[in-house]
Amino acid sequence: MFVRGLKRKCFDGEEDIEGTLAGIKAIPSYNLQRQSLLDMSLVKLQLCHMLVEPNLCRSVLIANTVRQIQEEMTQDGTWQMINTQSTGQASLDRLVSTDILCRSSRDQAEGKHVPAYGTFNKDFESDQAQDSSETMSASSVQAPRNLQSNVWEMENPQENKGNFQKSLDQIFETLENKSPNSVEDLFSEVDNSYYDLDTMLTGMMSNTKMGHCDNLETFSTPTNTASNSNCKSDLNDLDHIVEILVES
Amino acid sequence: ADIISTVEFNYTGDLLATGDKGGRVVIFQREQETKSRPVSRGEYNVYSTFQSHEPEFDYLKSLEIEEKINKIRWLPQQNAAHFLLSTNDKTIKLWKISERDKRAEGYNLKDEDGRLREPFRITELRVPTLKPMDLMVEASPRRTFANAHTYHINSISVNSDYATYLSADDLRINLWHLEVTNRSFNIVDIKPANMEELTEVITAAEFHPLQCNVFVYSSSKGTIRLCDMRSSALCDQHSKFFEEPEDPSSRSFFSEIISSISDVKFSHNGRYMMTRDYLSVKVWDLNMENRPVETYQVHEYLRSKLCSLYENDCIFDKFECCWNGSDSTIMTGSYNNFFRTFERNTHRDTTLEASRESSKPRAILKPRKVCTTGKRKKDEITVDSLDFNKKILHTAWHPKENIIAVAATNNLYLFQEKVN
């Protein structure tokens with residue numbers, strides 16, 4: 001359904017890939033579906049996290065789904081496979097799936113994913129250098145970013161999974177502790193030079209709907225902010241974030 | 001009108017209470033059948049409206065507490081007044097609804113306006129008399145049960161002893177005495193020591209209708225635990241554990257989400273309980289834990305659409321279910337303002353629609369059908385044209401007669417079995 005339509009638009013302009021995938025346009029591969037489900041779930045968790053008070057039942061169910069996918073991916077070796085695959089193929093898989101990330105259920109009707117895809121492509125190339133160095137140091141909720149950085153750095157998959165699990169756990173922790181104190185903790189790792197409100201707000205607006213958008217921790221990766229301005233922002237989320245910034 | 005969030009008949013069925021997202025409670029009363037107006041039989045009119053809960057702000061957590069009424073439960077009537085419990089995410093309130101149709105007149109110390117009379121004008125002593133007045137229905141909060149829940153309250157249930165009740169949130173269940181507001185007992189706690197290990201939450205809880213020591217609670221993993229309060233003070237150990245083994249052939253990434261139970265209701269006779277998960281309703285015999293005795297598919301045609309329903313969050317919709325008075329029929333809601341009834345003996349099921357177009361007053365509802373195959377017959381509706389924003393989450397059945405209340409977003413529909 002939505003995956004079908006998505007693929008057609010996604011692959012405009014990618015000549016060689018189009019040929020290969022033309023055959024499976026009607027039935028997206030299981031891995032692709034699974035990946036897009038994983039990404040969608042992670043976005044939902046992130047958005048959940050940004051709500052004033054997340055629905056615990058929903059968060060738990062989504063988190064369990066994510067764990068399930070992760071386990072299955074570990075079992076059939078896809079997790080490791082992601083690291084060793086050629087960057088071209090893998091990056092397109094990533095792009096397809098993160099395209100879904102760009103589209104919230106609100107955007108779905110408007111079909112804004114084409115421009116998002118275009119920008120995202122550029123973003124990846126510019127990020128390549130940044131990601132590999134930043135992933136290991138950033139310890140906050142960065143599950144989707146970790147997945148993507150797997151593509152670039154063919155490092156220890158175990159560590160990445162650890163980060164992933166850790167991010168999941170952190171989502172739960174912060175779901176539990178929705179107090180100004182915990183928000184300050186989140187901020188404690190942030191580089192102070194990025195307290196420039198304008199940069200932050202631009203960053204927030206572009207990051208709220210992107211696949212690798214995290215919380216307020218993205219201040220540590222300024223290169224992400226400028227390029228992803230095509231995705232629509234959620235003004236309510238923005239207000240809430242500004243409130244927290246002001247309070248802390 | 002606000003979105004209706006709960007619907008509940010009282011024990012006699014004469015009163016029907018609805019709670020909405022704005023924290024208001026509206027009570028409808030059935031018109032009394034009189035010889036002069038037999039046509040009015042079965043009609044419900046507004047009896048009382050009051051603001052039960054207001055939005056609150058939790059300063060400690062910087063969170064707003066929604067005023068939406070999650071559940072209303074009536075207490076059995078013990079005197080002229082009616083009592084009900086209504087709850088939002090955090091606070092339960094006991095409301096007294098009483099009628100006033102007489103007014104005292106002829107006070108000695110004050111006149112009819114309420115002003116004090118001049119002492120020198122009082123020349124004789126008189127006994128105030130009761131004069132009739134227009135019926136006035138007053139609702140007053142009698143108890144407020146607050147600060148006992150960290151998480152969102154999803155259920156309240158009055159015990160058959162009519163003295164205690166339970167309230168359940170995502171991780172804990174508390175037992176209250178109706179007279180005591182500053183204390184409650186925690187009877188179930190499934191919060192893990194480390195919140196990172198949380199994988200299951202409580203979704204609904206109910207007391208057994210006849211045994212005051214028994215209650216059940218359902219979980220997001222599709223399990224039901226029956227607990228006996230006589231066995232221990234903290235009922236973390238269940239007495240019975242109900243779970244249907246998973247069908248490996250239909251396993252998908254959504255299996256757990258669609259198995260999450262959104263409602264659990266005991267039958268009136270106390271022998272069975274019914275659970276609602278995303279696609280089906282199951283009837284369980286309390287004596288058999290390994291599988292339900294009956295399973296009814298509510299909208300199986302949605303199984304192939306689970307991915308889209310996950311994307312638009314409809315997969316998390318919490319549908320309720322209810323029994324009729326004799327436990328012979330069960331009812332639950334679906335999308336497109338459809339609701340379904342299942343007759344347990346005959347295995348007959350009906351799909352009806354609650355909408356203005358199809359519900360002219362006194363007109364008979366036409367059964368609806370969703371087309372699941374390619375060829376659509378006349379009057380059938382295809383799965384893709386279903387409106388997923390029109391969902392019937394709350395329904396209620398009169399305890400004695402075949403009168404049902406169906407909440408369709410912000411409209412309340414009352415349907416009655418046709419009598420000749």
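The model is predicted, so local features need pLDDT of at least 70 and side-chain atom pairs count only at pLDDT 80 or more, while totals for chains, interfaces and linings use all residues. Residues are numbered from 1 along each chain as its sequence is written.

**Interface of chain B and chain A**

- Counting heavy atoms within 4.5 Å as contact, the interface takes 37 residues from chain B and 33 residues from chain A.
- The buried area, meaning the accessible area (1.4 Å probe) that two parts lose on being put together, summed over both, is about 3100 Å², and carbon and sulfur atoms give 59% of this.
- On the side of chain B, the most area is lost by Glu196(B), Phe253(B) and Glu311(B), together 28% of what that side buries.

**Salt bridge across the interface**

- Two salt bridges are found between the chains, each defined as a side-chain nitrogen of Lys or Arg within 4 Å of a carboxyl oxygen of Asp or Glu.
- One of them joins the side chains of Asp313(B) and Lys44(A), at 2.7 Å from N to O.

**Thr351(B)**

- Thr351(B) is buried, with a relative accessible area of 11%, where buried means under 20%, exposed over 50% and partly exposed in between (1.4 Å probe, protein chains only).
- Leaving aside neighbours within four places in sequence, Thr351(B) is in contact with residues including Phe338(B), Arg340(B) and Lys366(B).

Terms used
Chains are lettered from A and ligands numbered from 1 in the order in which they are written. Side-chain values use heavy atoms; hydrogens and water are left out.
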